[in-house]
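Let's walk through this structure together, starting at the ligand and then moving on to a strand elsewhere in the chain. Keep the 3D view open as you read.

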Amino acid sequence: MVASTLHRLLNADVPWLHHVLILTSALVLPSSGIRTFLSVHCVIAILFDTEALLAAFQNPNEPPLIPHPYLPFLGHVVGMFWYGAKYFALVNTSTQHPIFSLQTLTTRTVVVIDPALATAIQKKSPHLTFYGLILRVTRRLVDLDNPTMKIISWNLDGVEHGPHEKGLLKESEDMIHGSLSPGPILNSLSTTQLEQFSTLLNDFVPRIGDGQSVGIGLMEFIKQIFTVANAYTIYGPSNPFALHPRLVQSFWDYEAGMVGLIPNILPSITSRKSWKARTALNAAFHEFVENGHFRQASSIIQKRAAFNMKHGLTADMSGRTEVILLFGILGNAVPTTFWFLAHILSRPELLDAIRQETSRAIINHQHTTNEKENARSISVSLLKSQCPLFVSTYRESLRHIANLSSVRMVTGTHTVSAPGHPSYLLNKGNIIQMASGVIHAAPRTWGSDAAEFRPERWMTSTPTSSDDKKRTALLLPKSVPSAAFRPFGGGAVLCPGRHFAMTEILSFVALCVNMFDFTEDAVQGGGAIKLPEKDDSRMPLSVMKPVKEPIVRVRRRAGTEGVKWRVEWRVEL
Ligand code: HEM
């Protein structure tokens, strides 16, 4: 026992020689002032080595603790705030462990880098909770009160009252997952959404009057159309944004400052813009519920309102839960669409190839003498089945921007194992973060060109026949495990909106590239759009944003100014 303690002490990453020298000097030096100074210095120096000592004494089966080099307990927290999502990549570069842990104040954050371990950890388990953790954040994001938290948290993971007793959260979660799975409800939602896109985009640049153009930020353009269309589709014609159009701006002001609301320290001062916007959104959704506008909304919202009432939520709190759902609906879809479009527009050759490829999905494409007056429809099912380069570019865009870690909290100490790895002990109270950003960029998984944006990465390398059109888009490139592509999470917590998202994003971008020419605004020099830099230094709540959005000029494509476009859900040739 004593020998093992000594062994661990000696092996700890602690400069013992330095400490011993200082301590000895402190004891032998004649001046009491210098002695006190050196003793205090020595105590402080040893305190600064606390994490190295903790690492030396940790259970060898735990994921290795990476001591912060300067500041114990706080250093990694500051690092995460300072460097945002790329902090895990920075630590990983210097350590190269498949899994490691960081001391963060009183808890340990376990960072998972290896997809095989992520596969093992993300399985449904009685020892791990997702909602237990996420609810604490949600509460602060939309300002829920104690009685509401009590109702929502009832039998959260089916532990207190068994898995068959459904509380509000479980009831709502099951309903949303069911509604957004392939089937009639999803088809009906997508149909409404695509009609909305068609209408909004046809009106965006007027069809009459050749050469008209609109100048707008590219992200701004997508925010406008997506917010209005999704609000109509999900929340119906009397949705808060239809009644109060200024809320579109409020929603994105709120979204931009959400991270600042999480500490909940005087948010009306420390995160004022976001807090003010949230106040307006909460009030509008309160009105939405109170006035019964949810009765004209999608079946998802009608059912949610009924569950909320049954479980005793007030109209005010019920409205607030919609604000967070709306963030789930728009928060990732909008920046994903931005990057997908920006990657295409900034590569003229890719744009040409995609215009050519997506023409396979355009129907009613009649070459009459009056082509300008034609109506044209894009079929989503044909986009998905006949346009592999387009689909592959969508997936590659997601790989490049999705750096939100999948999180879990350990509720019971247990071990996990995966092929090729020793078993790892996860302790109760550990916070797990599966580091999607690091996993999506690993050359080990994606090849030596992992850092490159390769639009065709997800296509079969050879055509399945002599016809190049027969190349198809893959769900995953060869030899990439499914846990290595995780923009929609993984395992027990998978985004239920992924099918809806793919349909809306492919449709919107196909409409944009076929209807419009986008150039950089003259103030930015005109010409093809330059791909903006990714902002990877924020604590993410969604996929990455650009550091600066390009300002663009949008014109109808020459020769098709009068065409009325539609995008349709299920149209086969
Ligand atoms: C490209 C677009 C999208 C991306 C990248 C995305 C990503 C994600 C991720 C990663 C999660 C899991 C959260 C986590 O592990 O922390 C999630 C959850 C969720 N997403 Fe999405 N999402 C997208 C679009 C959508 C859309 C369009 C909807 C709704 C129509 C939606 C609804 C939801 C909901 C309701 C949850 C919570 C799931 C639960 O509580 O079990 N998402 N999304």
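Start in the loop that links β12 (493-494) to α26 (498-515), where you will find Cys-495. What you are looking at is a predicted model. In this model, the SG atom of Cys-495 sits 2.3 Å from the iron atom of the ligand and is its only protein donor. UniProt also lists Cys-495 under "binding site", in an unreviewed entry.

Is Cys-495 buried, partly exposed or exposed? Its relative accessibility is 27%. Buried would require under 20% and exposed over 50%, so Cys-495 counts as partly exposed.

Now widen the view to the surroundings of the ligand. There are 20 residues around the ligand, and those that come nearest are Tyr-131, His-177, Gly-328, Pro-487 and Cys-495. Three of these residues also have polar atoms to look at. In Tyr-131, a side-chain N or O atom is 2.5 Å from an oxygen atom of the ligand. For His-177, the distance from a polar side-chain atom to an oxygen atom of the ligand is 3.1 Å. Gly-328 takes part through its backbone, with an N or O atom 3.3 Å from a nitrogen atom of the ligand.

Which helices supply at least two residues each to this shell? They are α19 (315-330), α20 (333-345) and α26. Of these, α26 gives the most, with four residues. By residue type, the shell consists of 13 nonpolar residues, six polar ones and one charged one.

**A strand with two partners**

Next, turn to strand β7, which covers residues 406-410. All five of its five residues are buried, so β7 is largely enclosed by the rest of the structure. In a regular strand, side chains alternate between the two faces of the sheet. Here, Ser-406, Arg-408 and Val-410 point one way from β7, while Val-407 and Met-409 point the other way. The residues pointing either way are all buried, Arg-408 included.

Which strands pair with β7? One of them is β3 (residues 128-129), which runs antiparallel to β7 and is joined to it over two bridges. Within that pairing, Leu-128 has Val-410 as its bridge partner. The other is β10 (residues 431-434), also antiparallel to β7, with four bridges between them.

Technical notes
Residues are numbered from 1 along each chain as its sequence is written. This is a predicted model: local features need pLDDT of at least 70, side-chain atom pairs count only at pLDDT 80 or more; totals for chains, interfaces and linings use all residues. Side-chain values use heavy atoms; hydrogens and water are left out. Donors are N, O and S atoms within 2.8 Å of the metal (3.2 Å for Na, K and Ca); water is not among the atoms, so sites may look incomplete. UniProt positions are given in the numbering used here, feature names are shortened, and annotations may be inferred rather than shown by experiment. Buried means under 20% relative accessible area, exposed over 50%, partly exposed in between (1.4 Å probe, protein chains only). Two strands pair if DSSP finds at least two bridges between them. A residue is near a molecule or strand if one of its heavy atoms lies within 4 Å of it. A polar contact is a pair of N or O atoms within 3.5 Å; within protein, one must be able to donate a hydrogen and the other to accept it, and residues adjacent in sequence count only if both atoms are side-chain atoms. Ala, Val, Leu, Ile, Met, Phe, Trp, Tyr, Cys and Pro count as nonpolar, Asp, Glu, Lys and Arg as charged, and the others, Gly among them, as polar.
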